[in-house]
Structures are given as structure tokens and as C-alpha cells.
Amino acid sequence: MFYRTSGQFKTSYTADMALFPVRQDAILLAIILAFAWVILPLTASEFAFQTLLIPILIYSLAAMGLNILTGYAGQLSLGTAAFMGVGAYACYKLVTIMPWMNPVVAILLSGVFSAGVGVAFGIPSLRIKGFYLAIATLAAQFFLVWLFEKWAWLYNYNASGAIQVPTLQMFGVTVAGPTASSHVQYYVVLGIVSLMTILCINLTRGTLGRTWKATRDMDIAAELIGINLMKSKLTAFAISSYIVGVSGALFVFMWRGAAEPNLFDIPLSFRILFIAIIGGLGSILGNYLGAILIVGLPVILNTLPETFGIPISSATVEHLNIMIVGALIVFFLIIEPHGLARLWALIREKLVIWPFPH
Amino acid sequence: MDFLNSLLVQPFADMFAAPDFLMQVLWEGLVSGILYALIALGFVLIFRSSRIFNFAQGIMVVFAALTLVGFHEMGVPAWISVILSLGVMFVLAVSIERVVLRPLVGQPDIILFMATIGITLFLIGFGELIFGGENKIMITEELGIPTGEFIFEPFGGFLLLEQKDVTAVVVAAVLVIALLAFLNKTRMGRAIRALGDDHQAALSVGISLQTIWVLVWFIAGIIALVTGIAWGARAGVSFALEVIAYKALPVLMLGGLESITGAIIGGLMIGLFEKLFEIYWGQPLLGGNTETWFAFVLALFVLLFRPQGLFGERIIERV
Amino acid sequence: MFEGADAVMDASAGYVTEDGRQIGGVLMEMKNITLRFGGVVAIKDISFDIREGEIRAIIGPNGAGKSSMLNIISGFYTPSEGSVWYQGAPRPPMRPYEVARMGVARTFQNIALFEGMTVLDNVMTGRLTKMNAGIANQALWWGKARDEEVANREKVEEIIDFLEIQAIRKTPVGRLPYGLKKRVELARALAAEPSILLLDEPMAGMNVEEKEDMSRFILDVNDEFGTTIALIEHDMGVVMDLSDRVVVMDYGKKIGDGTPDEVRNNQDVIDAYLGVQH
Amino acid sequence: MLDAGRTQETLLEVNNIEVIYNHVILVLKGVSLSVPKGGITALLGGNGAGKTTTLKAISNLLHSERGEVTKGSVIYKGERVQDLDPAALVKKGVIQVMEGRHCFEHLTVEENLMTGAYTRHDGRGAVDADLQMVYDYFPRLKERRKSQAGYTSGGEQQMVAIGRALMSRPECILLDEPSMGLAPQLVEQIFEIVKSVNENEGVSFLLAEQNTNVALRYAHHGYILESGRVVMDGSAADLRENPDVKEFYLGMSEEGRKSFRDVRSYRRRKRWLS
Amino acid sequence: EGLYAPNMAYRTGPFAALGIPLMNGQADYMTMLNERDGGVGGVPVDFSECETGYSTEKGVECYEKTKGTAIVTQPWSTGITLQVLPKTNVDEIPILAPGYGFSPMSEGGTFQWAYNPPASYWDGAYMIVSHIAGGDMSTLKGKKIAFLHLDHPFGKEPLPLLEQMAEEHGFELVPVPVGLKEMQNQSAQWLQIRRERPDNVIMWGWGAMNSAAIQEAVKTRYPMDQFYGVWWAGHDPDLAAVGEEGKGYKSISWSMPQPDSGLMADIKKYVIDTGKTQTTEDQLNSVFYQRGLVMSMMLAEGIKAAQEHTGNATIGPKDLRWGLENLNITDEKLAELGMEGMVPPFSTSCSNHTGHSGAWILEWDGAKFTQASDLLQADQSVIKSLAEAKAAEYADANAPWPVVECDS
Ligand SMILES: Nc1ncnc2c1ncn2[C@@H]1O[C@H](COP(=O)(O)OP(=O)(O)OP(=O)(O)O)[C@@H](O)[C@H]1O
Ligand SMILES: Nc1ncnc2c1ncn2[C@@H]1O[C@H](COP(=O)(O)OP(=O)(O)OP(=O)(O)O)[C@@H](O)[C@H]1O
Ligand SMILES: [Mg+2]
Ligand SMILES: [Mg+2]
């Protein structure tokens with residue numbers, strides 16, 4: 001009933017192509033935005049910022065980048081974390097070489113570097129397909145992490161081989177470094193992530209999005225109807241890596257504060273892949289849902305034994321956590337292989353015709 | 001000039017200068033190659049029968065080895081432990097088929113791939129819960145695996161082959177021949193290959209998915225146990241072993257995802273080349289540790305020329 | 001709304017069909033095409049032409065090399081020998097997408113729609129060659145990108161109306177029955193406003209009623225937009241009724257070429273393909 | 001053309017089955033039919049009528065497509081077979097040849113045929129004899145026995161699929177659109193083979209076809225399916241004379257065969273749909 | 001509620017093998033105090049664990065979760081230490097990183113909140129080199145020393161010092177990195193060692209890397225008595241796996257198991273026999289378990305000092321900071337605690353957050369580790385100047401970084 005769409009007619013193609021043709025969706029979004037921009041920052045605790053809000057946003061962004069490549073353009077990548085690393089190291093070099101640079105500009109710029117690296121590693125996708133390509137992306141994963149380790153210039157010859165985020169200011173407010181407040185960092189992240197989301201929505205529903213989806217669904221046919229596969233795949237690699245790179249810069253500069261090379265190793269790649277897949281490949285909304293689940297779940301699981309006063313050692317909790325996360329991944333895949341976003345779409349379809357079953 | 005020299009001349013000069021050392025390098029490469037190949041075999045078998053890219057193969061190796069050692073620690077004689085571990089691997093195969101594969105029949109490849117990552121996580125948590133995280137020692141001697149060494153002195157140098165490595169090589173060879181015979185000559189083998197091509201059609205001719213999958217995962221479990229023993233004898237058994245399983249991936253890429261022969265030859269090539277590269281180029285020129293990526297890059301280059309790997313099935317692209 | 005190829009034609013050529021349509025000069029010509037796959041010779045030294053505005057059928061037994069011929073025309077296969085002449089000049093080797101951009105559109109023997117997209121999006125992909133707004137424009141949904149989107153959407157809606165698939169516009173194609181999928185594929189091909197349309201068994205797996213619908217669409221396209229059509233089909237009724245000229249292939253060789261009547265009475269064709277006289 | 005000499009014993013009976021896909025899409029809305037022993041029964045109907053679904057409901061292949069039979073029963077030789085798995089049904093003698101051929105691309109032609117004998121346990125000799133029989137029916141396959149099925153032509157693949165089914169020594173073959181995409185001559189040839197297998201080996205056929213013309217020439221009995229319901233049934237000869245069948249399924253008008261060039265006119269609605 | 005002193009443990013993941021005995025020792029010491037004395041100064045210590053699996057990310061999560069109520073952060077990994085180091089300045093919470101972390105943390109003026117007693121990695125590296133030299137650094141000239149290390153912040157820690165020493169004393173340093181993924185597959189590294197034929201190998205290893213390295217060394221026939229490990233590479237089970245063949249292997253250690261000490265008697269009485277532990281019997285006298293006891297002792301003594309200083313039994317993180325900065329572990333104190341010989345005496349101050357206790361060389365005799373040297377000391381003049389330089393560099397790179405002048 002709340003979701004009834006009858007009576008909402010479109011009289012032009014422009015109206016039909018609006019972002020939210022259904023009024024209720026727009027209202028729902030407005031509520032969520034109000035929460036994200038106003039209510040949460042007012043109510044959330046420091047712990048919530050650091051372990052839930054900021055990481056969820058950053059992981060969503062990374063997953064969105066991966067989703068462009070894997071969900072929209074159909075090129076399975078297992079090397080996301082390495083491209084995040086490129087973004088993070090690029091940002092580090094930018095702000096240490098040019099300390100006067102506006103940190104947000106530096107973060108947005110650092111994506112350009114990972115886009116470049118992404119294109120270079122995307123070239124094999126023109127020949128290699130499917131799982132072969134997926135494994136090939138691991139070449140990027142392992143090579144880049146090795147490079148972060150070996151190329152001392154990248155971390156300014158620090159003895160420890162790790163990068164440490166310096167204190168950065170923007171318009172007199174500290175946005176990065178140990179003294180930055182979580183509120184400020186949250187708003188910076190939210191701003192960038194919101195912006196990227198809008199751009200991604202537009203890209204994926206337009207010409208480029210259709211090019212990618214065609215490439216994904218059947219690349220031979222796509223080429224035969226006039227799509228330049230090379231351009232399609234490489235733009236996907238570029239844009240995806242750009243977003244992933246920006247998320248990597250945010251990851252280190254707006255959240256972690258420091259990073260060592262193996263932070264960008266394969267477990268991170270897999271975590272982002274989980275988010276994208278559990279959320280739903282080929283969906284923008286799914287990245288958020290997936291991130292909420294994958295980031296939020298362990299945090300909640302960790303607090304459960306305490307809240308219920310179950311005497312259980314933290315190691316056992318961790319073991320159980322890993323097991324539960326593994327089992328839940330399988331569980332969600334079985335429930336809805338197309339992810340949480342599709343689950344939401346189904347619910348929405350039901351709501352539209354509610355109270356009728358068909 | 002100097003650089004070119006150290007890139008193109010010096011390594012070969014080094015090889016000639018110390019042929020015994022070169023032989024040792026080749027042997028070490030060969031042995032690790034065989035061990036990568038063993039992990040890859042498990043992948044190949046499952047991929048062939050179901051187009052499932054089984055990421056859990058690596059953790060199955062660890063799990064199998066831990067089970068074996070775990071039983072032995074409980075006082076069970078070594079060979080009985082082996083049998084019990086096989087039993088555990090069978091139960092694992094049945095459960096995976098029941099709980100994971102059956103409900104996911106017919107889903108896209110990537111979904112099944114993800115599911116195997118889910119299985120991986122589950123097994124890591126479960127394994128650590130039961131066996132703890134300590135590094136365990138493989139019961140090599142108890143299993144009657146020779147632990148001595150063969151020492152040769154070629155060109156007046158020194159070459160040492162460990163007997164357990166030699167055993168691993170022999171076992172791997174036997175395993176591959178047996179698998180090849182099984183897949184190509186038997187009814188079940190043919191059914192496994194048929195299933196890999198087309199589930200629906202296989203069902204329609206009366207091949208039972210369930211039986212085959214349990215069988216295949218069980219064989220993969222056996223391979224995992226063998227691999228676990230071989231690796232464990234070299235490096236001990238712990239969850240850190242899991243990362244070695246990544247090495248099976250470039251092997252698969254190079255050899256071709258569905259080829260048993262490919263897995264072996266790919267494994268040997270990767271083992272040899274990465275060791276040679278690391279010793280003669282990586283360490284002197286690049287600061288070492290190139291083994292983390294060299295195999296992948298090598299496989300990538302080969303794939304640029306043969307997108308289905310050296311022995312993979314030709315990708316049939318028609319419209 | 002569609003213009004045919006506007007290139008200068010061989011003026012001397014051209015003929016008038018039984019039902020009085022004027023057929024133009026040679027639009028595309030296969031010259032001594034041979035195609036090998038490893039040891040298999042799929043096509044052996046075949047030459048024929050396609051004239052502007054005609055409906056040209058290619059028939060032959062299974063495995064004769066018909067689809068391969070279509071694949072050569074659309075650039076998916078490169079002939080081992082021989083060449084394709086387009087508008088009076090040999091076509092240099094090019095990628096399939098470049099061929100498509102030259103005005104060659106096609107449908108596929110085993111439906112090759114983009115299953116994850118809606119009908120509307122599928123048809124819109126047919127117009128991708130006509131859209132060229134920059135990435136920044138698209139990301140902001142602004143200016144040229146937006147205008148283009150609206151303009152092309154209008155074109156696509158015309159085609160959707162024409163093929164009578166309005167009702168399923170927003171349905172993901174994966175859910176459609178076979179017959180409709182074939183129609184959507186045709187819509188996608190038409191959306192490119194091709195000068196030559198290649199149809200690979202457009203009516204396979206259809207019942208008579210649906211074949212009748214499809215025939216109507218093919219004739220209308222040819223009629224109203226003057227689009228040249230090359231067609232592979234196994235239903236002899238359809239082929240004989242629709243086409244102006246027919247090429248017959250068998251085991252990679254050409255065994256007949258002519259009007260439907262000529263072909264129907266050709267003994268080689270009857271032996272190799274038709275079996276009984278149709 | 002119902003053969004007078006044939007037994008009228010019922011081999012397979014479908015009673016009022018209903019099939020739902022994905023828990024929501026109702027596709028078969030009560031289909032009943034029976035296949036006599038030793039007969040060729042045709043299941044006709046347009047696209048999406050539910051022919052394939054009916055066959056899969058019988059052979060229990062719906063599960064892997066997220067479909068299920070929610071009502072009715074399938075009886076084979078007097079026994080309910082709905083709850084068997086496909087393999088058990090093959091053992092009992094019912095095998096399906098799927099729409100679109102579905103060969104095992106990477107297996108050779110001969111290996112494809114051998115998979116058909118998967119459920120058999122009557123020894124190498126018998127299987128080899130049947131292989132020989134299949135090669136006798138399809139000499140073309142013998143020539144191509146060593147090539148990968150993925151590289152054979154459409155007609156050859158259809159032959160492989162039928163031959164593979166024969167290898168299981170079935171009593172009843174469910175044949176889904178054998179003519180799709182095949183050259184006319186091959187269509188005839190395949191139907192001839194169906195006919196001789198039926199006559200020589202006594203195998204019963206239930207065949208789903210769009211090519212009504214050919215199907216009714218070879219079948220003994222026919223059912224016409226529209227939108228998940230049987231709308232008409234009868235002996236093949238009767239059906240061929242029925243004016244509606246003539247118009248809608250055979251493409252004939254009163255004056256004989258219509259030309260496809262002349263169909264741009266308004267069409268009569270099917271009487272049973274109004 | 002008591003004093004909340006959480007420990008970021010790792011009983012899971014690839015390094016669990018090392019973590020478990022250490023964390024058992026730490027936990028048992030606190031349990032013993034709680035049982036025997038009702039805590040420290042009468043206040044029970046809540047020593048709950050937060051599992052990190054040695055993942056930096058989880059570590060940061062633990063830090064964020066506990067920092068509101070905890071009096072100390074025990075990050076238990078060099079990676080986590082580096083990560084939380086800047087945050088502790090803001091959150092004003094002391095880091096206690098016994099025997100690990102960033103060596104320049106000894107500069108208390110720069111790293112006001114970080115403590116790594118009783119010895120830093122640089123101390124360890126220096127002492128190993130001086131043991132190799134037999135006390136006379138000039139004998140090192142022309143020698144070749146391979147430095148087998150984990151390719152990770154932890155493994156790279158001693159490199160600046162070793163490089164400086166190599167230059168100064170004229171020996172050749174060959175760094176041999178082991179990637180995290182190659183830990184269990186070190187044949188390439190050992191082939192390199194075989195090719196280079198170093199006079200000594202110093203190992204900076206962690207977790208599964210150590211046992212693999214020791215096995216490879218045995219296989220390559222590397223003379224065991226020329227093979228040295230950092231204190232984390234002296235784990236009994238790693239050596240037990242090779243038994244006799246490992247004879248002669250040495251590890252530097254700032255702790256020494258003392259099976260017959262008074263402390264062990266109390267531990268047995270209050271913790272083991274009451275079953276309030278995860279420790280297994282065979283762990284009790286291992287190097288790592290007893291080192292865990294020492295670590296917790298340092299924390300407990302820090303708390304005690306703070307309590308005495310403030311006069312309050314319940315203290316906050318700032319008080320504990322004072323306590324850790326004024327540790328004074330003398331021989332008498334150790335005797336009083338029943339820990340004679342378990343750790344060398346040391347004391348901390350503002351300018352010396354490490355204590356530089358010195359260490360012993362332990363040697364594997366085929367069945368167990370035995371003490372093989374007198375107490376060694378690192379030359380603080382060398383280490384201090386390097387630490388000052390690196391600390392300044394760090395403060396510079398992370399400007400604005402609060403730095404104070406130390407009076408003591
Ligand atoms: N990519 C390929 N690799 C190898 N052989 C091929 C390839 N494509 C086609 N062939 C072979 O070329 C021959 C001609 O095939 P083609 O698909 O053109 O036949 P067709 O005339 O379209 O048949 P049908 O009517 O069954 O569609 C066949 O023998 C086929 O096996
Ligand atoms: N797996 C599925 N999920 C959902 N709907 C399905 C599925 N398979 C078939 N359908 C729907 O069921 C209906 C009947 O399909 P079926 O394949 O049985 O038709 P058919 O008579 O065999 O048609 P055709 O001649 O095209 O093969 C169609 O509308 C189809 O869209
Ligand atoms: Mg064809
Ligand atoms: Mg069908």
C-alpha cells in the first residue's frame with residue numbers, strides 16, 4: 001500500500017528517465033540521507049564512527065568500484081586491495097611532496113594514479129576471460145603489494161616500511177592525522193562517497209553503463225553490434241580503479257591513519273568482493289547493504305557474548321566469528337544469489353502490489 | 001651496460017660457475033613445483049566436474065593434514081589415523097554437497113566461487129576451534145615415509161635430495177597417472193567430464209549430480225590429504241600453509257583449468273622458473289621475494305598467447 | 001527514418017522483382033571467399049553479391065558454412081582467402097565493431113541478447129554507435145549526454161512500436177519467451193539503422209503464427225526503410241516466399257544461386273538440401 | 001495414421017499436473033496426457049506453451065531450474081514416478097532428449113554416446129552392440145566419432161543427442177523439438193529415424209514440436225498445448241484435417257498454403273481463446 | 001570494577017603458534033595476582049583479551065573499543081603499535097609493547113606514551129652482533145652476516161642499526177627477506193644463504209617462519225652454532241621439531257625460564273591447580289610462557305608504582321604512564337617477586353622508555369634452551385644517537401608532533 005505506484009504517470013521520456021521515477025523511492029532516500037548527514041553524526045559514539053560508520057562508507061565505495069568492473073562490465077577482479085594501495089600510496093606521496101595541497105583534492109587526484117595502473121593491468125582482459133582473468137588480476141595483487149614493500153621511495157624511506165598519515169588541514173580544520181576528529185572525517189568521507197555514488201549511478205544508467213553491461217552479458221555479441229570491447233573494458237578498468245583508488249586513499253587517510261603494505265593484501269580484496277557479491281553484483285545500492293552486513297556483522301558478533309554474559313574466550317569468539325561469517329556467506333548466496341539488492345527489489349515488488357500476492 | 005650485464009650475462013655465468021648449486025636450485029624448484037601441482041590437481045578435478053572454481057582446496061589441504069596429526073595426537077596409530085582422516089574428508093565432501101552445492105545448482109560460476117570462499121572461512125574457523133593455532137609437526141616417520149637424504153657430489157660440488165621430497169615426487173606421479181586413467185578410461189570419469197560440460201544434459205542421461213559431486217570432492221579430499229602430508233613433512237602443519245595454496249592458481253592458469261596434465265606440467269614449470277628467477281635475477285637485482293608474484297606474471301604472459309592455458313580446453317566461441 | 005546506403009552504386013546493375021520493387025546495384029560482394037579452421041575447410045572459394053534493397057537468402061544443410069559466411073560479412077571471422085567488397089571497394093581487415101559502425105547489423109542463430117538488461121536497454125545498445133557524449137558529461141547526466149539519451153530513446157521507442165513490443169519494454173529479457181526474444185534481437189539490430197541487415201535463422205523455433213509475424217516485420221523493414229537483408233533460414237516456405245534471390249551452400253561450396261524458382265528446380269539443390277521438391 | 005496393430009496399453013500417463021517456476025510463475029495449469037506403449041505421441045503448441053516444461057516435469061528435470069510440480073501426478077507403468085530422481089527414471093527406461101541438443105561439447109562424439117549408457121550395467125558387449133546400432137542409424141556419426149561434439153554441426157549434434165538417448169536402452173524417449181534449426185532434409189531424416197526406432201526397437205516417443213506439419217505426419221496421436229493447457233487432442237489424422245489446426249499450425253488457409261508475403265492482413269482469432 | 005588492562009591477543013591466524021604461550025603467561029600472571037593478592041594494590045585487574053589474529057585492522061578496532069575505559073594499550077604487534085602510536089598522543093593512553101614495537105620509542109621525550117621495556121630490537125641486534133664478535137668488534141672485519149627477516153615492519157626494524165654497524169665495523173650485511181606468503185617455503189632464501197656462505201645468520205622471524213627456517217637450516221647443513229635468532233625466534237617447539245640437529249642454535253633473550261622460582265610455585269598453586277588457565281602442563285617451563293609472565297609483571301609493577309605515586313588504588317591511564325616511566329626493577333625487587341633470574345634488572349625514565357636491560361644468549365642443547373652467556377649489554381652510545389635521530393625524523397614526518405624535553 002505504501003508502495004503503490006499507480007497514479008504516477010510519466011508524460012515524457014525525460015521524466016521516465018529521472019533518477020527516481022517512483023515517488024516513494026525518493027522519499028525513502030531523503031530519509032536515509034537525513035540520517036546519514038544529520039541524525040547519525042549527532043548521535044553516534046566515537047566507537048560507532050570508527051568501527052561502523054566510516055568503514056562502512058569506505059568499504060561501500062571500494063565495493064562500488066569493484067562492482068563497476070565485475071558487476072557491470074563482467075570482469076572478475078581479485079586484486080581490488082592492491083589498487084586501493086595504489087590510491088593510498090599515491091595520496092601519501094602527493095601530500096608529502098606537496099604539503100600545501102588540499103587533502104580532498106589530493107585524495108581525488110590519487111585515484112588517477114590507480115586508474116592508470118588499473119588500465120595497465122586491464123590490458124590482458126582483452127584476451128583473457130573468466131577465471132583466467134580473475135587469476136591474472138592476482139598478478140596485480142601480488143606484484144603491487146611486493147612493490148609497496150620494496151620501493152622505499154613510496155614510503156619515504158621510513159625504517160618501518162609503513163606510511164603514517166601526517167596531520168592535514170583544510171580551511172583551518174584538521175581532516176587527517178591523529179588529531180582529526182571523527183566527525184570531520186566522517187563528513188569528508190560521506191561527502192566524497194555521496195558524490196561518487198551519484199556519478200556512478202549516472203554512468204551506469206547511461207551509454208557507458210549499457211556498453212559495460214553488454215560486454216558483461218555477451219562480449220562477442222557486443223562487439224558484433226558495434227561496441228569497441230577494448231574501449232569498453234579499459235574504461236571499466238579505469239573508472240573502477242579510480243574509485244577503488246579514492247577509496248584506498250580514504251581508507252588510510254580518513255580512517256586507519258597508517259598502513260603497511262600487507263594491509264593491501266588479498267584478504268582485503270576478498271572482503272570487498274564479498275561486499276559486492278553479497279550486496280548484489282550490478283547494483284549500486286547493494287554495495288551499501290553488503291558493507292553494512294560484512295563490516296557490521298563481526299562487530300556485532302564480537303559484542304554478543306559480552307552482552308549476554310556468556311563466558312567465552314575472545315579467541316573462541318573469533319573462531320566462531322570466522323565460521324559464522326563463512327556460513328552466512330553461503331547462506332545468503334543460497335537465499336538470493338543475486339544479493340541483498342535483489343532481495344530488496346523483490347520486497348519492493350511485493351510491496352507495490354501489496355496486499356495482493358501476485 | 002652494467003645493468004645489461006647483470007641481467008643477461010652474469011646470471012648465466014653464475015649458473016655455469018656452480019653447476020652443483022644450479023642443480024640444487026632446479027631440484028628445489030622441481031619439488032615445490034610438484035607440491036603446487038598437487039594442490040592444483042584438486043582444483044582441476046572439481047573444476048572439471050562442476051565448473052566450480054574451488055577456492056577451498058588450499059584450506060582442505062591444511063584441514064586434512066591437521067586432522068591426521070590431530071588423530072595421531074589422540075593416540076591413534078598412524079595408519080589408522082590416515083583412514084580416519086579419509087573418513088573425515090568423506091564426511092566433508094558429503095556435507096559440502098548437501099549444504100552448499102545442492103542448493104546452488106545452476107547458479108553462475110562466480111556465485112559458486114564465492115560459496116567456496118565461504119567454505120574456506122568456515123573451515124578456517126572450525127579448524128582453529130578444534131585444532132588450535134599452533135604449528136604441528138607432521139607424523140612423517142610414523143607413516144613410514146623415509147626421512148633420510150641422498151647426497152651427491154656432482155662436479156665436485158654438493159647436491160642434497162631429501163628422501164621425503166623424492167617420495168612426494170613419486171607419489172605425485174602415481175596420483176596423476178591414476179587420475180588420468182580414471183578420467184579417461186572409466187565410466188565415472190566420463191560422467192565427470194560430461195557433468196563439467198552441461199549439468200542439465202548430464203542429468204537427463206541419468207548421471208546423478210549428487211553421487212558424482214560427493215565422489216569428486218572426496219577425491220579432492222584424498223588429494224588434499226596427500227598434499228598435506230607432503231607439505232607438512234617439509235614445513236610443519238599450520239594455517240599459515242594456506243597461503244601456499246595461492247601458488248596453485250598460477251599453475252592452473254598456466255596449465256589450463258581443466259587439464260590434469262596441465263596441472264603437473266604447469267606446476268613443474270612454475271616451480272622451476274620461479275626458483276631460477278628468484279635466485280639468479282630476483283635476489284641480486286630486485287631485492288628478493290619475487291616468488292610472491294613471479295608465477296602469476298609468468299602465467300599471465302603465457303595466457304596472452306594462449307588464453308586457455310597450455311593444456312586447457314580450447315574456448316569454443318561461436319555465434 | 002532509415003536511409004539506405006547513400007554511396008554511389010554501379011549504375012548499370014539493378015533489376016525489378018516480381019512484385020515490382022526496384023533493386024539497386026551491388027552493395028556487398030564476396031569474392032572467392034575461403035575459410036579454414038585448422039584442418040577443416042568451412043567455406044571453399046565462394047563468390048556472390050548482395051544488391052541494394054533486396055532480400056537475399058542463404059540456404060544449405062547444417063554445417064554448410066552459412067553462419068560462418070555471415071560471420072565473415074560481419075567481421076567476426078577473417079576469411080583465409082578472398083575478400084569482402086563493400087560499396088565497390090575491398091574492405092580492409094577490421095574489427096567487428098568497425099564493421100558494425102559501417103552499417104552492418106545482425107541477429108544471431110542462438111539468441112545473443114544481453115540477458116541481464118531490460119528490453120529497452122537491449123534495444124538502446126543498438127544505438128550505442130550513435131552516441132558519443134564524453135564520460136564527464138555522462139557522469140553528470142548533463143548537456144550532450146542527456147540530450148542524446150532522450151533523442152535516442154525516442155528513436156528506440158519508434159522501433160519498439162514498430163515491432164509491437166511496447167508491453168515488455170521494461171522486462172528483463174531473460175524472462176521472455178523465445179519468440180519475443182527473437183523479436184527483441186531484431187529490434188536491437190534495427191536500432192542501429194543499418195544499411196544491411198543480416199538475419200541468422202530468425203524463425204527457428206517458431207510456430208507458423210509467429211513466423212507469419214516475423215515475415216511481416218522483415219518485409220516491412222525492407223519495404224519502408226529500403227534496408228538490404230541477408231537471411232539464413234531452414235523453412236523453405238519462408239525462404240521461397242520472402243527472398244528475391246537465394247544462394248545455396250553445401251559443405252562450404254556454392255551449389256546454386258538464383259531466384260527462388262530457379263533454386264527450387266535445381267537438381268543439385270534438391271539432392272543436397274531439399275530432399276523432396278518444395 | 002494410427003497403426004491398427006499397435007497395443008493400446010498406456011505406458012506413461014500425466015494427470016492434471018500444475019507446474020510453478022520460482023514459486024510464482026504458474027506455467028502448466030493442469031495438463032493431462034497419455035502415451036501409449038509403442039506409439040509416437042506429439043505435443044504441439046506455440047512458443048512458451050509449456051511443451052518443454054511438460055517434458056521436464058515428466059523426466060524430473062525441473063528441480064535444477066527452480067521449478068516444481070505442485071499438483072497432479074505422473075504415472076509410468078502404473079507407478080508414480082514424480083519423486084524419483086532423473087537417474088532413477090532413466091534406469092526405468094524414460095529418457096529425455098533436451099531442447100537445443102545439449103551435447104557435451106568437450107567430449108568426443110563417441111564419448112557423448114557412451115555417457116548415454118551410464119546407468120546401464122549389462123556389460124561392455126551389450127553397450128558396444130548398441131553403439132553399433134546407433135552408428136547404423138546415423139552413419140554420419142561414425143565418420144565424426146573422434147571429433148569434439150562442440151565442433152560438429154547442428155544436425156550432427158541433434159543426432160548425437162538422440163543417439164545418446166538410445167544408448168540407455170529406453171522404453172520411452174521424450175524428444176524436445178528435434179527439428180529446431182535443422183535443414184528440411186535432415187528434419188525428414190531424423191523423423192524417419194524416429195519412426196524406424198519406434199518400429200524396430202519398440203521405443204515409445206513423446207515428442208514436443210513446433211513443426212506441426214512434420215510432426216503430424218509421423219505421430220500417431222497429438223495434443224495441442226496453449227498457455228499451459230491442453231486445448232485439443234486426437235489422432236494425428238484427425239488433427240491434420242481440423243480447420244483450426246490447419247490455419248494456425250499448418251499455415252494453410254481454405255485455398256491451400258498461404259504465402260508468407262500475404263500475411264500482412266488481419267488474422268482471425270483462435271476460437272478457443274476467446 | 002577494577003583496573004581494565006585489555007590485551008590484544010592473537011590466538012588465531014598464522015602467528016597464533018607464538019601468541020598462545022605468551023598470552024597464556026601474561027594472563028596467568030594477572031590471574032595469580034587476582035587470586036593471591038586480590039589484584040594489584042587490592043584492586044583486581046581485568047585482563048580480558050581482544051582477539052586480533054595479528055591483523056592490524058582488528059587491532060585498531062580493539063583499540064577503539066577499549067580506549068574509553070582501559071588504562072593501557074598492549075597492541076602486540078609492531079604493525080598495530082605503529083598504527084595506534086599517533087592516536088595515543090591524543091587519547092592519552094600509554095602503549096606497553098614489551099620487547100617489540102618501534103625501537104626509537106625509547107626516546108620518551110618524543111614518544112611520551114609508548115613503552116617498550118626491557119629491551120628494544122636494536123638492543124637485541126647489537127647484542128647478537130657483539131656475541132658473534134666475541135666482545136671484540138674488530139674481529140668482524142671482512143665477515144659476512146646474513147640477516148634473514150620477515151619482510152614486514154617488524155622484520156625491518158633492526159636494519160638501520162645493522163647497516164650502521166656493518167659500515168662501522170667492516171662486515172658485509174646480506175639482508176634476506178622472507179615474504180609473509182613465503183614463510184613456510186623458504187628454499188629460495190636458504191639457497192641464497194648457501195650461495196652467499198655467510199659466517200653467521202641472524203634471524204628476525206615470527207610465527208611459522210621460524211620453524212621453517214630452522215628446518216631449512218638443518219637441511220642446508222648450515223652450522224647451527226653460527227645461527228642466531230631474535231627473542232621471538234627461540235620458541236621451544238620450533239627447535240624440538242629438529243631435536244638433536246638443532247644443537248647449537250642460539251637465540252637472544254631478555255627472559256630466562258626459571259622452573260624452580262617462587263613465582264612458578266605460586267602460579268602452579270593459584271592458577272594451574274585451580275584450573276583457571278588455558279595453559280598446558282608442557283608449556284609451563286618454556287621460554288615463551290615464562291616471558292609472558294615477565295611482561296605482565298612489568299605492567300603490574302607499573303600499576304604499583306602509579307598507585308604509590310598517586311596514593312589511589314584506582315588509577316587512570318595518565319597515572320599508569322607515570323608508573324611505566326618510573327619502573328625500577330632491581331634484583332631485590334625480582335627476589336621479592338620470586339622472579340630471580342627471569343629478567344635482568346632495569347629501570348625506565350623519561351629519556352629512557354626502554355630500560356635497556358640487556359639480555360642473555362640461550363642455546364639449544366638438543367632438548368631444551370640453556371643459558372649460554374653472561375648478561376650482554378648493547379652499547380647505548382651507539383643506539384641512543386641512532387634512536388634520537390630516528391625519533392626526530394619521525395616527529396618531523398608527522399609534524400605537528402608533540403615533543404617534550406626530558407629532565408631525567
Ligand atoms: N570457430 C570455429 N572453429 C572450428 N570450426 C568451426 C568454427 N565455426 C564453425 N566451424 C565449423 O564450420 C562448419 C560450418 O559451420 P556453420 O556454423 O557456418 O554452419 P551453418 O551452415 O550455419 O549450419 P547450421 O545450419 O547448422 O547453423 C561446421 O563444420 C563447423 O563445425
Ligand atoms: N526456468 C524458468 N523460470 C521461469 N519461467 C520459465 C522457466 N522456464 C520456462 N519458463 C516459462 O514457462 C513458459 C513455458 O515454457 P516452455 O519452455 O515449457 O515452453 P515451450 O512450449 O517449450 O516453448 P518453446 O517452443 O519456445 O520451446 C514460458 O512462458 C517460459 O517463459
Ligand atoms: Mg548456422
Ligand atoms: Mg520448448
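**Exercise 1.** Characterise the disulfide that joins E:Cys50 to E:Cys62.

*Solution.*
Step 1. The model is predicted: local features need pLDDT of at least 70, side-chain atom pairs count only at pLDDT 80 or more, and totals for chains, interfaces and linings use all residues. Side-chain values use heavy atoms, with hydrogens and water left out; residues are numbered from 1 along each chain as its sequence is written, and chains are lettered from A and ligands numbered from 1 in the order in which they are written.
Step 2. A disulfide is a pair of cysteine sulfur atoms within 2.5 Å. The S to S distance of E:Cys50 and E:Cys62 is 2.0 Å.
Step 3. The angle about their S-S bond is -80 degrees, a left-handed link.
Step 4. This pair links distant parts of the chain, twelve residues apart: E:Cys50 lies in the loop between β2 (45–46) and α2 (56–66) of chain E, and E:Cys62 in helix α2 of chain E. Helices (H or I, at least four residues) and strands (E, at least two) are DSSP runs, numbered from the N terminus.

**Exercise 2.** For E:Cys350 and E:Cys406, find the sulfur separation and the handedness of the disulfide.

*Solution.*
Step 1. The sulfur atoms of E:Cys350 and E:Cys406 are 1.9 Å apart.
Step 2. The S-S torsion is about -65 degrees, so the disulfide is left-handed.

**Exercise 3.** Classify E:Cys350 and E:Cys406 by accessibility.

*Solution.*
Step 1. Buried means under 20% relative accessible area, exposed over 50%, partly exposed in between (1.4 Å probe, protein chains only).
Step 2. E:Cys350, at 12%, is buried.
Step 3. E:Cys406, at 24%, is partly exposed.
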